[in-house]
Structure formats: C-alpha cells, structure tokens
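Have the viewer open and follow along as you read.

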Amino acid sequence: MITKRIIPCLDVKDGRVVKGVNFLGLADVSSPVKLARFYSDNGADELVFYDITASAEGRALFTDILCEVAKTIFIPLTVGGGINTVEDFDRVLKCGADKVSVNSGAIRNPTLIRDAARKYGNQCVVLSVDAKRVDGVFRVFAKGGRENTGMDAIEWIRRGVDAGAGEIVLNSIDTDGVKGGFDLEMLDAVCNVVDVPVIASGGAGGIDDFVKLFQALPKVDAGLAASIFHFGEVQIKDLKTALREQGVEVRI
Amino acid sequence: MIAIIDYGVGNLFSLSSSFAFIGQNAVVTGNPDVIRSADRLILPGVGAFEDAAKKLRESGLDRVILDEVAKGKPLLGICLGMQLLFEKSFEYGEYDGLGLIRGAVRPIRDVIPKDLKVPHIGWNSLSFGAEKHALFRYLKEGDYVYFVHSYYATECEESVIASTDYGSPLTAAVANGNVMGTQFHPEKSGEVGLAILRAFCKM
C-alpha cells in the first residue's frame, strides 16, 4: 500500500542552507548538496528546497545548486520560493526539480496554476498555502505569512485544485513554530474538500506529532518539517520506525 | 551506449543523471542514427498519452524504435513511456500505442476504492509473484519505488513482472522479451531505482 511520506524542507539563501543545523558527522551543514545526501541516505521520501534569495545572482546560484543535488540524489525534489511565472517553472524543472511549489506567485497571478499545469501536468504543480485563523475563519496569508489577503483558505485551495494544482502543502501559521503538533482541525477541513494529496506543515515538535497526524487524519499523505530535522531533534529513521510500530505504513 | 529517446515530452535531466551516476554512458537524443547505434533504449515520458503518441509518430521515432526492438535491442519504457508500449490507451479518448505489449491503459479510478486519491503519487512496494524478472535481480520482494500516475496497464496478465497494491493490484512493470516497462520512476526511486537501471544495463 502507498506509504506516508516524510519530507524535510531546506531553506536556501544564496546557495547555502540557512537555519542552524546540527548533525553529527556532517562537517559542512550549510551545503545543500551534503545535507540533501544526508537526508536521502537517512530515509527522507522527498526533499523540498525553498529559495529565500531575493537577488537574481542568488537565484542563478540556487539553480546551480539544484542541478548539483539532482545529479546525485534520486528521490523526488520539490522547489519553492520566488516562483511567479511559467518561466520560473521552466528554470527549476530544467535543473532537475520534479515538482514546483507556488504560493504568493499564485495569489498575484491568477492564471499561473492553470498555465503551469497545462504545460507540465498537474502532478508538477504544488500549491503551498500559509493559513491562519482570523475571527474563526481560515484566511490565506501572503508574503511569508505577513500579509492577510482576506481570502478564505478552504475556498482558495479548492479553486487551486480546480485550476490544476496536483498537491497541497498546508502550512498553519497558528501552529507553526509552536512545536505543539500539526493543525489537525485545519488539515481536516482541507482534506474534506480536495481529492489530491495533502501535505501537513507547521507544528511538528516530535515523533508523537507525526503519529497523531496520520492516525487522526488518514487522508493526509505526508508530513513536512524543517527545524526538528535540521537540529537533529528527530531522526527520520526513528520517526519511521515509530510510525510503523503504530500501524502507519512508511518506507523503511 | 544507452539512448534516452527525446521526442519532446518530459524532463530527462534526472534520467540522464542517474545513468551517469551508475557509470553508464547515456545520451539524450532524438537522432535516429544515434538511436540505431545504441546498445539499449530508454523510452521516457510524462504528460498525456495522446500528445506523446502523436509526437512519437510525427518525429518518425516510432518506426525507429520498432525496427530496433525487432532486432532484439533491449528497450525500457518508463511511466508514460511504458504505457506507450501497449496497444491502446483510453486516456481522454482511445489512442493507439506502439503495440509491443498486448493490453490497454485505463483510468486507475475505474478499479480503486472511492476514498483513494488519483493520481497514485508516492512510494509503494513491489510484488514480483512466483518468478523474479532479471530487471529486479538486485531487488527483494516489497522494495519501495516512486509512482506518479493516473492510468494503469491492464489486460496484460502474461506480461506483468511486478505489481503494486493501491486498494487494488496495479501493474507496476511489464516485460515481453527484450521490451520492458516500469510504471514507476526508477530515476526517482533512490537506491532501489538505481539497482533496476543497473540490471537493465546488464541485459
């Protein structure tokens, strides 16, 4: 049976991984290539590279790095950050990305998802959404979670899937960084309206949070996290062993 | 030399990188002469069947592939490239494939339980049945590979060499003599996938 996916997310700025990373036996922890290799060897099912560079030079550096990673690591790679046009899709796909994640770019450009899905297929287009409760309603936030767009998150995701998004990454701003577990209520609301894979993001503090996620919401396909993996608080191998013991199917 | 056939569909970067990684000389090419001089052929493909089949025909590469296969050259179709090996596909209509393997390609939705999602995306395990094909000589029963597809090959029982379970058994790989195909992506299936490509290079 299909397995639940565990996905580490790497933030890359000017060709280097940002956020403090703390691994035993890994000397250059800010090298995206080395870190990607480490994760791949240790059971990651997929990798997400998020380009937080602002400059054009940094973007070029990012695609160089992506090519380097794709030449040696043969698991699915998703790229996000700064994707505003179909040309941006082209730029990262040529360097070995399998999927491209859009967020603010899709808010600014309403035809981006449709255009990209038509050209590259739905499986290639990931809609990433930062959402937060405002007066009891899930709202879409843009610009890295700083700006309330006023849009209803559930409606936005439904429209995105209709336009051709083949996967949803739902990042709950309410639970992000709190390490108190994933936002099960928000995830459930999304799973009820879409029939494409949903990836949970924001809130993982430990192994138990992933167990709870997949047990409570069997419709969620994957769990994504950054800091708990980067800081070595959770080893993917341990996480997968625990999931399997709890009856959640994973690739070991 | 391995020819990765380029007929204008799909991203061939990972495929060519994976052969380079295992020390094999592979070229991405749409040149009939290069394809004829290759020892082995890879037929890749992503996207819709109709468009891919059309491109393959318009480029004339369908004839080249059929000629080379008739001479006994090993061919591996991957994902949509595997589906193109069949007689027919019913993806948004009814379209002819290369007819190298008997059977048809039909929507997954027709055979899986309602609560399962389409496409079938992610890592799923392989089951080889009674006899393990040489393509899987380095694998063990239950090894995981990466799938992304909405259609599956059926009516091809005699050619199935691996299946996977997605609420219903789905064809994961097929073979008919020197013609082989995988529905999953070996170039995205980590060490297991590379081991399949290695085995293909020994055929």
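This is a predicted model: local features need pLDDT of at least 70, side-chain atom pairs count only at pLDDT 80 or more; totals for chains, interfaces and linings use all residues.

Residues are numbered from 1 along each chain as its sequence is written, and chains are lettered from A and ligands numbered from 1 in the order in which they are written.

## Where the chains touch

Let us begin with the two chains together. In chain A, 25 residues are in contact with 26 residues of chain B; contact here means that the C-beta atoms, placed from the backbone, lie within 7 Å. Helix α2 (residues 56-72) of chain A gives the largest share of chain A's side, with three residues. Helices (H or I, at least four residues) and strands (E, at least two) are DSSP runs, numbered from the N terminus. Sorted by class, chain A's side holds 10 nonpolar, seven polar and eight charged residues. For these classes, Ala, Val, Leu, Ile, Met, Phe, Trp, Tyr, Cys and Pro count as nonpolar, Asp, Glu, Lys and Arg as charged, and the others, Gly among them, as polar.

## A helix pair in chain A

Next, look at helix α8 (residues 207-216) and helix α10 (residues 236-245) of chain A, whose axes come within 10 Å and cross at roughly 40°. Axes are lines fitted to C-alpha atoms, for helices over the stretch in contact, and angles run from 0 to 180 degrees between N-to-C directions. The angle between α8(A) and α10(A) therefore makes them oblique to each other; under 35 degrees counts as roughly parallel, over 145 as roughly antiparallel, 65 to 115 as roughly perpendicular and the rest as oblique. From α8(A), the contact is made by A:Ile207, A:Phe210, A:Val211 and A:Phe214, and from α10(A) by A:Asp238, A:Leu239, A:Ala242 and A:Leu243. These residues of the α8(A) and α10(A) contact divide into seven nonpolar, no polar and one charged.

## The sheets of chain B

In chain B, seven strands form an open sheet with mixed pairing, in the order β2-β1-β3-β4-β13-β12-β11. Its edge strands are β2 and β11 (160-165) of chain B, each pairing on one side only; two strands pair if DSSP finds at least two bridges between them. Direction ignored, neighbouring strands of this sheet are turned by 20° against each other on average.

Helix α1(B) lies across β1 (2-5), β2 and β3 of chain B, at about 160° to β2(B). Helix α4 (residues 61-70) of chain B lies across β1, β3, β4 and β13 (179-182), at about 140° to β3(B).

Another open sheet of chain B has four strands in the order β6-β5-β7-β10, again with mixed pairing. Here β6 (95-96) and β10 (151-154) of chain B stand at the edges with a single partner strand each, so one side of each has no neighbour in the sheet.

| Strand pair | Bridges | Direction |
|---|---|---|
| β3 (residues 40-43) and β4 (residues 75-78) of chain B | Three bridges | parallel |
| β5 (residues 86-89) and β6 of chain B | Two bridges | antiparallel |
| β8 (residues 120-125) and β9 of chain B | Six bridges | antiparallel |

Opposite residues include B:Leu43 with B:Gly77 in β4(B), B:Ser89 with B:Tyr95 in β6(B), and B:Asn124 with B:Val145 in β9(B).

Most residues other than glycine have a negative phi, and most peptide bonds are trans. A cis peptide bond joins B:Val118 and B:Pro119, with omega about 5°. B:Pro119 is found in the loop between β7 (101-107) and β8 of chain B.

In chain A, A:Asp14 has a positive phi of about 50° although it is not a glycine. A:Asp14 sits in the loop between β1 (5-13) and β2 (16-17) of chain A and counts as partly exposed, with 16 C-beta neighbours inside 10 Å. A:Asp135 also has a positive phi, near 50°. The loop between β6 (125-134) and β7 (137-142) of chain A holds A:Asp135, which is exposed, with 5 other C-beta atoms within 10 Å.

Terms used
Two residues are in contact if their C-beta atoms, placed from the backbone, lie within 7 Å. A residue is buried if 20 or more other C-beta atoms lie within 10 Å of its own, exposed if 12 or fewer, and partly exposed in between; C-beta atoms are placed from the backbone.
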